[in-house]
Amino acid sequence: MIHCKVSATLPAMLLGLASLVIAADPNIDILKSNGSLDRLFKKTGVYNASSTGKTPGFVVDPSWPQPLPNNWLLGQIGGLYVDRHDHVWVYNRPRTLTTDEAGLEGPVPGATDEKGQAIDGIGHVRAYGAVSDCCKAAPSVLEFDSDGKLLRAWGGPSDPGFIGGKCRKEAGCIWPDSEHGIYVDQNDNVWLSGNSAAVSGRGAPPWTTNKEGGDGFVLKFDSNGNFKMRIGGTPKGPVSNDTHGGINDTPLLYLAADMVVDPATNRLYVADGYGNRRILIVDANTGKYIGHFGAYGNSPVDDAGAAAAGQWIEGYSRGNKKPAFFRNPVHCVKIANDGKIYVCDRGNDRIQVFDKNDPMLGRPCSNPTGEPGKCGFVAEQFISEHTNIIGTAVSVNFSTDKAQSCLYVGDNANMTIYILNRSNLQELGRLGRSGRMPGEFHYLHQVSVDSKGNIYTGEVDTAKRIQKFLRYGANGCSGTGLSTVGGTLAAK
């Protein structure tokens with residue numbers, strides 16, 4: 001495990017890494033002598049740097065996290081968040097493990113497929129029992145310390161006894177069918193969301209947990225996995241303007257992606273999400289409705305108009321570069337210390353910025369042309385607007401200097417993190433490329449930052465991986481770069 005002290009210079013960082021290796025075994029300094037550490041910095045550091053800007057430096061820690069116990073293996077990483085204790089919370093999808101990845105998962109008693117063959121909880125055939133020596137699905141929620149040591153794990157269908165125990169339907173707890181967003185608030189409450197549409201009850205695998213409809217809710221637990229509250233219900237489709245249709249008079253959500261609590265107001269902001277097209281605002285104690293808004297602060301949200309508009313690239317090719325609605329998925333929401341709210345409008349290849357202190361934000365308001373200063377809208381920035389795969393802006397976070405001067409924007413189509421100057425939203429450099437080696441990404445999905453400025457990432461699809469990038473040097477951003485993110489970098 002790498003425990004080198006963050007330094008202002010690359011040589012000192014290299015020396016710290018090399019010293020660790022030598023300390024582990026004084027007869028082995030192969031990583032120092034063969035150039036491996038130097039190559040690691042060059043391969044996993046910031047590139048495409050603006051000649052007139054300044055950014056922090058980063059290098060991947062290839063030994064993070066530490067091995068999991070119990071032959072556990074992570075599924076796709078739906079959510080990842082670093083809490084106030086610098087603990088890294090990972091929300092993975094156990095039901096995405098392939099049959100070989102879940103080779104130790106045996107048959108569920110009495111469960112069979114359409115051919116009558118015994119199956120495991122995920123639905124893989126287990127006619128003859130376990131198929132290999134490794135592995136088993138980890139619980140859905142895992143908490144790591146900054147050194148990558150697992151502290152606790154709980155939740156989901158792969159945690160025996162959790163469904164029906166700490167998560168009881170009669171108490172209002174329904175576990176989502178697809179784990180997505182995780183957030184840990186200032187009181188150490190753990191908030192979870194899901195993004196699965198309705199699953200058919202007939203033929204559903206044994207680990208199907210929500211057979212009533214889509215994942216139209218957000219769940220609140222304490223840090224030990226004890227259920228506290230559900231907001232929403234199980235609708236069959238988008239309901240972007242619903243205010244009271246969920247459990248206990250809370251609003252219905254539909255396939256929510258992310259959430260954040262503003263500790264100053266105790267308001268929960270939800271990126272709602274893969275089905276709905278809004279940011280929902282509710283009270284974090286009661287779940288009761290406060291407000292909601294769409295792109296440019298528009299409210300109510302025009303679900304029908306957004307659906308009829310088709311994909312982003314279709315409108316973009318016709319010259320419509322300012323759609324007055326969010327396209328699915330509305331993938332993230334984060335709040336900076338200065339009150340600015342950042343939203344990942346992934347379906348439109350952009351981020352939008354709002355002012356939480358604007359009294360019109362979340363109220364009925366019309367701003368179809370995207371006028372700054374109206375309806376709480378502040379600014380927007382396109383993120384590789386030409387990309388036509390699955391949308392670009394997937395996650396955002398901030399540097400830990402006082403001004404939070406760097407904005408880190410994850411792009412899970414181009415597999416990189418853009419480092420923006422938060423004051424002008426211009427690109428100053430990039431971190432990570434497409435690939436499967438340490439420091440590279442395959443469907444980057446989440447970006448979070450600890451108090452030291454280190455970056456943690458989570459990937460979906462085949463990678464199913466979490467990574468840590470150690471910060472060194474500056475802890476802030478300054479200068480100018482590209483005004484439109486995602487092109488060939490040329491400083492301005």
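## An open sheet and some aromatic pairs

In this predicted model, 4 strands line up as an open sheet in the order E10-E11-E12-E13, with antiparallel pairing. Strands here are DSSP runs of E with at least two residues, numbered from the N terminus, and two of them pair if DSSP finds at least two bridges between them. The edges are strand E10 (179–184) and strand E13 (227–233), each pairing on one side only. From one strand to the next, the twist averages 15°, with axes fitted as lines to C-alpha atoms and angles running from 0 to 180 degrees between N-to-C directions.

Trp 191 has Lys 220 in E12 as its bridge partner.

Now for the rings. A search of the whole structure turns up 19 aromatic pairs. Rings of Phe, Tyr and Trp (its six-membered ring) pair if their centres lie within 6.5 Å; planes under 30 degrees apart count as stacked, over 60 as edge-to-face and the rest as tilted. Trp 64 and Tyr 456 have ring centres 5.2 Å apart and planes at 65°, so this pair is edge-to-face. It links distant parts of the chain, 392 residues apart: Trp 64 is in the loop between strand E3 (57–60) and strand E4 (72–73), Tyr 456 in strand E27 (residues 455–459). Both Trp 64 and Tyr 456 are buried, meaning under 20% relative accessible area with a 1.4 Å probe, protein chains only (exposed is over 50%, partly exposed in between). Elsewhere, ring pairs link Tyr 91, Trp 154, Phe 162, Trp 175, Phe 221 and Phe 227 into a cluster.

Residues are numbered from 1 along each chain as its sequence is written. Local features need pLDDT of at least 70, side-chain atom pairs count only at pLDDT 80 or more, totals for chains, interfaces and linings use all residues, and side-chain values use heavy atoms, leaving out hydrogens and water.
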